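Below are some notes for a colleague who has not seen this structure before. Please read them with the model open.

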Amino acid sequence: MSIEQAIQPKASLQPRSVEGRFRNIKTGILLLGYAVFFLMPWIRWERAVGPDQAILFDIPGRRYYMFDLVMHAQDIFWLTALLFLAAVLLFFVTTLFGRVFCGYFCFQTLWTDAFRWIERWVQGDRVARLRLDKQPWNVEKIRKIGLTHGLWLLLAMWTGLSFALYWGDAFELTAGFFTGTAPSAVYGTVIILMTTTYLTAGWAKEYVCLHMCPYSRFQSVMFDQDTMIVSYDMNRGEGTTGRVKPVKELRDQAFRQEKGHGDCVDCGLCVQVCPTGIDIRNGLQIGCIHCALCIDACDGIMDKQGWKRGLIRYTSEHGLEGKKTKILKLRTVGYGIATLFATIYLVWSIASSKQLEVTAVQIRSPLYVTLSDGRIQNSYEVKINNKTMEAARYTLAIEGLPKAEMELQINDLSVKPDSTLRVLAKVRYTMQPGEAGKNHDFQFRLTPLEGKVKEPVIIPSHFMTP
């Protein structure tokens with residue numbers, strides 16, 4: 001009985017470095033992503049009220065600061081809209097360009113790329129690393145391997161700490177972290193993220209993409225014959241008699257074509273530069289993250305031979321067959337419309353968010369009280385939420401309930417910037433003959449006297465009678 005292993009034992013995959021336009025794009029995105037992630041907590045931002053950190057998620061204060069935008073706990077639905085937007089945008093891009101998110105923007109790709117850069121900087125390029133891997137343990141190997149893992153752990157630790165800095169003052173947390181006075185949650189967060197980053201980017205590497213990432217499993221259902229993917233032109237590369245190395249007369253393209261050979265010189269460079277170790281010449285595979293480094297490698301070989309680029313390129317299956325690639329399809333248009341509507345809704349929701357929110361909740365225990373003079377009293381808790389960065393003052397009145405009186409717990413309705421005021425309002429009403437058992441609709445009217453918001457706010461309410 002034979003046993004076939006679904007996951008092959010850990011091999012020493014050592015991709016070769018390559019230069020080219022797609023490598024430059026990946027490097028640019030990596031540098032931009034790292035600059036945003038690591039530097040953003042340190043940017044200061046002056047506010048009239050609140051912390052002076054540009055981006056800060058203040059859990060105790062239930063405030064989330066992003067430059068001039070201050071989000072409150074009740075704005076959490078924006079996060080739902082943002083997640084929905086991210087999902088439909090991912091689907092939209094995938095139907096058009098395959099797994100470009102995996103190849104250029106995924107955290108696993110960015111951190112693995114950085115870890116491989118450290119490894120290459122310490123140990124040398126692919127050949128040197130393979131030689132080091134095979135040689136016995138000696139001082140040189142211990143020094144290089146130790147330095148590599150030391151730098152990996154340092155980057156992983158700084159990754160975890162940078163994430164924690166988004167949840168508190170960056171300068172105070174950093175000082176507290178290295179002096180042992182930071183909250184225990186900071187140390188826990190750093191240890192967890194440091195460990196997972198080190199293991200996934202330093203040890204698991206391509207195995208995360210091949211065997212752990214769920215997206216690679218279902219993304220294929222979003223592909224069709226018009227999706228632009230990294231593809232090997234089989235007809236051009238293999239010809240009628242297959243690929244062959246360019247030796248002697250076979251360096252001449254016309255001679256190769258005369259003999260039925262394709263343009264692929266079987267150098268294997270496209271396999272050596274692949275971060276997941278696949279051979280793109282075997283067709284579309286689940287391990288391909290569409291980073292296009294094989295395109296850079298193949299273009300370099302074509303340039304050296306003086307032949308036309310594009311043996312490996314971004315194209316669709318229809319494109320390879322000489323047919324027209326259809327960009328606008330029902331599914332693509334559907335994802336595009338969903339992405340557009342989600343973007344519009346999110347922007348509109350943020351832009352039109354109310355700077356003054358008022359609620360009036362009737363106290364229901366008891367629903368009403370009959371006073372000694374026969375009047376009926378209902379009590380309400382009025383909550384005034386001033387979300388602006390300016391102090392404000394208001395007056396509160398009732399409308400739609402003739403001859404009713406209102407008594408407030410406090411008369412000075414002054415609210416500090418980005419603060420909330422709760423006040424008890426008692427409404428008293430003299431029932432007219434025949435009104436027993438009839439309830440009345442009325443409304444509170446909050447009128448700003450000072451502050452940024454000038455428009456009054458109407459709060460519908462209900463008056464209960466015996």
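The points below cover the pockets and the sheet.

1. This is a predicted model, in which local features need pLDDT of at least 70, side-chain atom pairs count only at pLDDT 80 or more, and totals for chains, interfaces and linings use all residues. Residues are numbered from 1 along each chain as its sequence is written, and side-chain values use heavy atoms, with hydrogens and water left out.

2. The largest pocket holds about 1000 Å³ of space. A pocket here is an open set of points on a 1 Å grid over the protein atoms alone where a 1.4 Å probe fits, with protein on both sides within 12 Å along at least five of seven lines; lining residues have an atom within 4 Å of a point. Its lining counts 27 residues, and F105, C106, F107, L110 and W111 are the closest to the centre.

3. The lining of the largest pocket has 21 nonpolar and 6 polar residues, and no charged ones.

4. The second largest pocket holds about 570 Å³. Among its 31 lining residues, R23, D113, A114, R116 and W117 are the closest to the centre. By class, this lining has 16 nonpolar, 6 polar and 9 charged residues.

5. Three strands form an open antiparallel sheet in the order β1-β2-β3 (strands are DSSP E runs of at least two residues; two strands pair if DSSP finds at least two bridges between them). β1 (55–58) and β3 (69–72) are at the edges with a single partner strand each, so one side of each has no neighbour in the sheet.

6. β1 pairs with β2 (residues 63–66) over 4 bridges. The bridge partner of L56 in β2 is Y65.

Note on methods. Points joined across faces, edges and corners; volume = space filled by probe spheres on them. Nonpolar A, V, L, I, M, F, W, Y, C, P; charged D, E, K, R; others polar.
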